[in-house]
Amino acid sequence: MIATPDRTPLPREFFDRPVLDVAPDLLGRILVRTTPDGPIALRLTEVEAYDGADDPGSHAYRGRTARNGVMFGPPGHVYVYFTYGMWFCMNLVCGPEGKASAVLLRAGEIIEGAELARTRRLSARNDKELAKGPARLATALGVDRSLDGTDACTSDATPLKILTGTPVPRDQVRNGPRTGIAGEGGNGDIHPWRFWIANDPTVSPYRAHVPRRRRS
């Protein structure tokens, strides 16, 4: 018998820890997106850790900017960025406040509100592809920069909330190099900081960094 996922919100203390402790512990947790059209709930199956000034793959590696300010805390807030001129990606900020770190939400299983997610992800061939990849996840949930800085741990009404769900046993967690990261940040021997649930069909395929070609 499969236990019912715990719908208790994760406390802020959960995120006020080193990012490499938080990232694998997010697998199996539930993210709820509340919209005027209805709620969508997603079970997290793949994430990546980014550790600020100590991590050349992080947006905060070179310090604080207007774009990455949310990464510096407080923990439990949502950091949303725009990439490649077309996609949004969503992160959850980790503590302590003042030290930038965050977990990129790479993939998940839609467990509630699939009908609504399908209207946003018309190219998905099946429900397993609705949130298979960070841009697809954000698109399925209707996440954009207007949600940057949202508190996902508050007890108040909020458009994004993270629930306890069903934590994944550590023997089912895999890790490896982060996807699409150049240089040292993409070296899996140094930063094997992508974490996923073994054999889960919603996990995105690994892709190494490919330099973008400049138009002649």
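Predicted model: local features only at pLDDT ≥ 70, side-chain atom pairs only at ≥ 80, totals over all residues.
Trainee: Fine. How many salt bridges does the structure hold?
Mentor: There are 15 of them. One is between the side chains of Asp25 and Arg29, with N to O at 2.8 Å.
Trainee: Are Asp25 and Arg29 buried or exposed?
Mentor: Both Asp25 and Arg29 are buried.
Trainee: And which residue does Arg43 meet in a salt bridge?
Mentor: Glu109, and the N to O distance for that pair is 3.3 Å. The pair links distant parts of the chain: Arg43 sits in strand E3 (residues 38-50) and Glu109 in strand E6 (residues 102-112), 66 residues apart.
Trainee: Why does Arg43 count as partly exposed?
Mentor: Because its relative accessible area is 23%, and buried means under 20%, exposed over 50%. Glu109 counts as partly exposed too, at 32% relative accessibility.
Trainee: OK, another pair. What's the N to O distance between Asp148 and Arg145?
Mentor: That salt bridge comes out at 3.4 Å. Asp148 is partly exposed, with a relative accessible area of 22%, and Arg145 is partly exposed as well, at 33%.
Trainee: Which residues do salt bridges with shared partners join into one network?
Mentor: Glu46, Glu48, Arg106 and Arg194.
Trainee: Nice. Switching to strands: how many residues of E7 are buried?
Mentor: 6 of its 6, so strand E7, residues 160-165, is mostly covered.
Trainee: And which way do E1 and E7 run, parallel or antiparallel?
Mentor: Antiparallel, with 2 bridges joining strand E1 (residues 6-9) to E7.
Trainee: What about E2, how many bridges join it to E7?
Mentor: You'll find 4 bridges between strand E2 (residues 30-35) and E7, and these strands run antiparallel.
Trainee: Where in E7 is the bridge partner of Ile30?
Mentor: At Leu163.

Note on methods: Residues numbered from 1 in each chain as written. Heavy atoms only, no water. Buried < 20%, exposed > 50% of the residue type's maximum accessible area, 1.4 Å probe, protein only. Pairing = 2+ DSSP bridges. Salt bridge = Lys/Arg side-chain N within 4 Å of Asp/Glu carboxyl O.
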